[in-house]
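Let's take a slow walk through a protein model together. Have the sequence and the 3D view ready, and follow along as we go.

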Amino acid sequence: MFWKDGKPFQLIGGDLHYFRVLPEYWEDRLLRAKALGLNTIQTYIPWNLHEPEPGKLVFEGIADLLSFLTLCQKLSLLVMLRAGPYICAEWDLGGFPAWLLAIEPDVRLRSSDPAYLRMVEGWWGILLPKVAPLLYGNGGPIIMVQIENEFGSYGDDKAYLSYLMKLAREHLGEDIILYTTDGGSREALEKGTIRGDDVFSAVDFTTGDDPWPIFKLQKEFNSPGKSPALSSEFYTGWLTHWGEKMARTDADFTAAALEKILSQNGSVVLYMAHGGTNFGFYNGANTGANESDYKPDLTSYDYDAPITESGDVDNAKFKAIRRVVEKYGSVSLPSVPFNNKKTGYGSFQLTKTAFLFDLLDGIDSAQIVEAENPTAMEYLYQMFGFLLYVSQYASKTGGSKLFIPKVHDRAQVFISCSPKANGGQVLYVGTIERWSNQAIDLPNAKCVSNTSLFILVENMGRVNYGPYMFDRKGILSSVYVDGRVLKGWKMISIPFNNLNKVPKFNSVIQVSSEFPKLSAHKKLEHNSEDVLEGPSFYTGHFSIGKTSEVADTYISLRGWRKGIAFVNEFNVGRYWPISGPQCNLYIPAPILRHGENVLVIFELESPNSELVVDSVDQPDFMCGSRKSSVHQL
């Protein structure tokens, strides 16, 4: 076992990420974790949240790490801090800031590349001195600090791991326990650990696997007598990508697997205790057989954890896990809190307030870049959101063929006889997707001169795990019209707010909130029967009376197609109900206010035919063609 203050200590922890929960709810969620029986909270630190631009540091709001750690201590919870620099976490680019992808020559992430190590040294030189006063030896809650994350599943670079260890020791001293986490196979542990006393090796493995042979293997990678059994990621559920069934794991099965560890004095960290939400544009993605086999994560990070996305604990998994923890834990557990109140504020009407192409005239010229060839989003120092590529080509009588070999991640293609495309004179011709990339037909628009080509590319979240993580966004190849490379491009940035950016004035949202209401829906022409409205803003208002309690809610996007939603200018994330399984977006009460609340939707295709959104009191993961199923890990 571990020893704490001279006594044996069984670590019973859970992952709960401060950046997936609004700060107003941190204490609520931590108290629920305590009621589950946890004595330790494990959290990642996403570099990209704290340094969204080089040298621009953010440690307030949802990024107020020190307040979160201090709160853990106030509630008598210990902390295991996963300091990165890589975190995986189903988080954009595994927590790396996307501006690393703009450096030339290419930086080799997660390696002993000197250019990369210089960046890590700069970041840790800021981060680690901030957390050092909160180490356990200094009177704080932090008992362990993780370096890297499952490196054995990625690479084999001992010089890199040794560098991170030395850098951590420089800032944190010799007393703190540094640790690595790797899969419970010999190969992963050989590659991902630093043998000896300097760094403790923890393991993770599939829930339901026999843990004790893996803990026996773990001992080979730690010093004799210094290898307490620790599963630092015991999976209580699993992640879900758009287009999949919602991952569900059986409560009794999960609890029985946990009991196998705790009953023999093993230590464990539940991944996740509480999942939370991928607000903004920070969701990650995975790949399959190749980088085109792209699978972006949902906005919800519910994870089928015992504490649900909205903090609910009245469920079978919470009760089953708590029973096991209570049986083997050394302290009596606090009483279980009630679920937080959730309210449906009813149906409300939205109005189309702006067609994206009508706003182009008002775009600041600083957001427009001209180049011979299409440029990746990162090179324009735009890290998230959308990028509009504009060029021209000569039409042919029988139409033309458009081919873009490499698009990350989803491109909607429009043509117009006007280079400005305002007034709605735009023809939608098709969508090119990273995962099903095919050439599309460009009809002859019968323009007097050249035909203007507009390609709106959405960054749907960077890959956070595996060999294809170097995931730039936008058009990453030449564009071919009838086999010829198209030259001469304008790139127009449409970044929107992300989670850790709350500017006093955001032109796109401001315009869409206050734009004169359009008197009629402007339909885009399209060369098929499916008529699209095209990328447009829709605005709705709903009121919460002064005497009513402001409570959590969900907005149901059933009948809408794909886009992003903002409530009171807060980016609550992406919706894509036609792909599913997530239909509803979670709206925590701290985003809302008494009186008028404003919802702005940026819909890429077509709205609900009634232009209605429902505020409801429960989640819904039954959209798309797939339905929920039990996922046995």
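We'll visit the annotated active site, then a few paired strands, and finally the cysteines.

Before we start, keep in mind that this is a predicted model: local features need pLDDT of at least 70, side-chain atom pairs count only at pLDDT 80 or more, and totals for chains, interfaces and linings use all residues. Residues are numbered from 1 along each chain as its sequence is written, and side-chain values use heavy atoms, with hydrogens and water left out.

Our first stop comes from a record. An unreviewed UniProt entry carries the annotation "active site", and that annotation covers Glu150 and Glu233. They are spread over 84 residues of sequence, yet they cluster in space, with a largest C-alpha distance of 10.6 Å. A word on such records: UniProt positions are given in the numbering used here, feature names are shortened, and annotations may be inferred rather than shown by experiment.

Where does glutamate 150 lie? Look in the loop between strand 6 (142–146) and helix 5 (158–172). Helices (H or I, at least four residues) and strands (E, at least two) are DSSP runs, numbered from the N terminus. Glutamate 233, for its part, has its place in strand 9 (residues 230–235).

Is glutamate 150 buried or exposed? Glutamate 150 counts as buried because its relative accessible area is 12%, and buried means under 20%, exposed over 50%, and partly exposed in between (1.4 Å probe, protein chains only). Glutamate 233 is buried too, at 4%.

Now check out the neighbors, where contact means heavy atoms within 4.5 Å. Leaving out residues up to four places away in sequence, glutamate 150 touches Arg110, Thr181, Asp182, Asp204, Glu233, Tyr235 and Tyr465. With that same rule, the contacts of glutamate 233 include Tyr44, Arg82, Glu150, Asp204 and Tyr271.

Next, find strand 14 (residues 346–355), which pairs in the antiparallel sense with strand 34 (residues 612–616) over four bridges. Two strands pair if DSSP finds at least two bridges between them. Here phenylalanine 348 stands opposite valine 613 in strand 34. Strand 14 also pairs in the antiparallel sense with strand 28 (residues 536–544), over five bridges. In that pairing, alanine 354 has phenylalanine 537 of strand 28 as its bridge partner.

Last come the cysteines. A disulfide is a covalent bond between the sulfur atoms of two cysteines. The structure holds two of them, counted as pairs of cysteine sulfur atoms within 2.5 Å.

Cysteine 417 lies in the loop between strand 19 (410–416) and strand 20 (427–433), and cysteine 447 in the loop between strand 21 (440–442) and strand 22 (451–458), so the pair ties together parts that are 30 residues apart in sequence. Cysteine 417 is partly exposed at 42%, whereas cysteine 447 is buried at 16%.

The other disulfide joins cysteine 583 to cysteine 623 (S to S 2.2 Å). Why is this disulfide right-handed? The torsion about its S-S bond is about 125 degrees, so the disulfide is right-handed. By contrast, the link of cysteine 417 and cysteine 447 is left-handed, with -85 degrees. Cysteine 583 is buried at 2%, and cysteine 623 is buried at 5%.
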